[in-house]
Amino acid sequence: MKEKITRNITIEGARIGFRNFSGKESRYNPAGRRNFCVFLDKEIAEQLIADGWNVRWLPAKEAEEDDVPYLQVAVNFDNIPPKIILISSRGKTMLDANTVDILDWADIRNVDLIIRPYNWVLHEGTRNEKSGVKAYLKSMYITIEEDEFERKYNSIPIADDEPIEQ
C-alpha cells in the first residue's frame, strides 16, 4: 500500500464544473451522490496522480488544445459535513444539506475551497489489493454573481408565505 495521504488540497480561485450538489440521478451519477469537479493545473494534477488521487482528464474540445485534468469531489453531509459558505451582497450564508442544491445553477464569480483526502483500500493484504485517495469537500467559500435587480432589492425583507389577499 502507498503512503497514506493526510494533507488537504487548498485552491483559491478554483474553476468548478459538472455541479451536482443536489445529488440528482443522471446517466453518470446515482441518486443521492452529491459532487462536483474541480479543474486542475497540469503540474498539480501530475503530483496528485503520483500521490494516488483519482485525477481524470477531460478531452480537449479543439485539436490544438490540451486535455484538462480534473478531480471529482464528493460532498457528503453524513460523517464529516463540509462547511459551505455562500457569499453575496447580503453577506455570508451557511449552506447545509437542505440548501446546498442552489449551487447547481448559481452564477458563480469565485470559489475558494479545501479538499480533504480519504484513503481507501480494497482487498487489503491480498494480491488483488487496490488503494487510492478519494476527494471530499472540507470547506468552500463561493461568491455568486448577482444581477442588477438582486442588488437593487436585496435590502427588502422577504415576506412570509401568506398569500396576497385581494
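Student: Where is Glu3 found?
Tutor: Glu3 is in the segment before S1. Strands (E, at least two residues) and helices (H or I, at least four) are DSSP runs, numbered from the N terminus. This is a predicted model, in which local features need pLDDT of at least 70 and side-chain atom pairs count only at pLDDT 80 or more, while totals for chains, interfaces and linings use all residues. Residues are numbered from 1 along each chain as its sequence is written, and side-chain values use heavy atoms, with hydrogens and water left out.

Student: Is Glu3 buried or exposed?
Tutor: Glu3 is exposed, at 71% relative accessible area. Buried means under 20% relative accessible area, exposed means over 50%, and partly exposed is in between (1.4 Å probe, protein chains only).

Student: How far apart in space are Glu3 and Asp51?
Tutor: Their C-alpha atoms are 8.1 Å apart, although 48 residues separate Glu3 and Asp51 in sequence.

Student: And which side chain meets Asp51 in a salt bridge?
Tutor: That of Arg7, at 2.5 Å from N to O. The pair joins distant parts of the chain, since Arg7 is in the segment before S1 and Asp51 in helix H1, 44 residues apart. A salt bridge here is a side-chain nitrogen of Lys or Arg within 4 Å of a carboxyl oxygen of Asp or Glu. Asp51 counts as buried because its relative accessible area is 15%.

Student: How many salt bridges are there by this rule?
Tutor: Two. Glu145 and Arg109 also form one, and their closest N and O atoms are 3.1 Å apart. Glu145 is in the loop between S9 and helix H2 (148-153) and Arg109 is in strand S8, so this pair ties together parts that are 36 residues apart in sequence. Glu145 is partly exposed at 35% relative accessibility, whereas Arg109 is exposed at 53%.

Student: Changing topic: which residues have the most contacts inside the largest nonpolar core?
Tutor: They are Phe36, Val38, Trp53, Leu71, Leu113 and Ile115, in a core of 32 residues. S1, strand S3 (35-39), helix H1 (42-51), strand S5 (68-74), strand S6 (83-88), S8 and S9 each give two or more residues to this core. S9 supplies the largest share, six residues. Such a core is a set of buried Ala, Val, Leu, Ile, Met, Phe, Trp, Tyr and Cys residues joined through side-chain atoms within 4.5 Å. Nonpolar side chains tend to be buried together in soluble globular proteins.

Student: Why is S3 largely enclosed?
Tutor: Five of its five residues are buried, so S3 is largely enclosed by the rest of the structure. Asn35, Cys37 and Phe39 are buried on one side of S3, and Phe36 and Val38 are buried on the other.

Student: What does S3 pair with?
Tutor: S3 pairs antiparallel with strand S2 (residues 15-20) over four bridges, and five bridges join S3 to S5, again antiparallel. Two strands pair if DSSP finds at least two bridges between them. Arg15 stands opposite Phe39 in S3, and Phe36 stands opposite Val73 in S5.

Student: What is Phe36 in contact with, leaving aside neighbours within four places in sequence?
Tutor: The list includes Ile16, Gly17, Phe18, Leu71, Val73, Leu113, Leu137 and Met140. Contact means heavy atoms within 4.5 Å. Gly17, which lies in strand S2, is buried at 11% relative accessibility. Not counting residues up to four places away, Gly17 touches Phe36, Cys37 and Phe39.

Student: Which strands does S8 pair with?
Tutor: Strand S1 (residues 9-11) pairs with S8 in the antiparallel sense over three bridges, and Ile115 is the bridge partner of Ile9. S8 also pairs with strand S9 (residues 130-144), antiparallel over 14 bridges, where Trp120 stands opposite Gly132.

Student: What does Ser139 touch, not counting residues up to four places away?
Tutor: Ser139 touches Lys83, Asp112, Leu113 and Ile114. Ser139 is in strand S9 and is buried at 12% relative accessible area.
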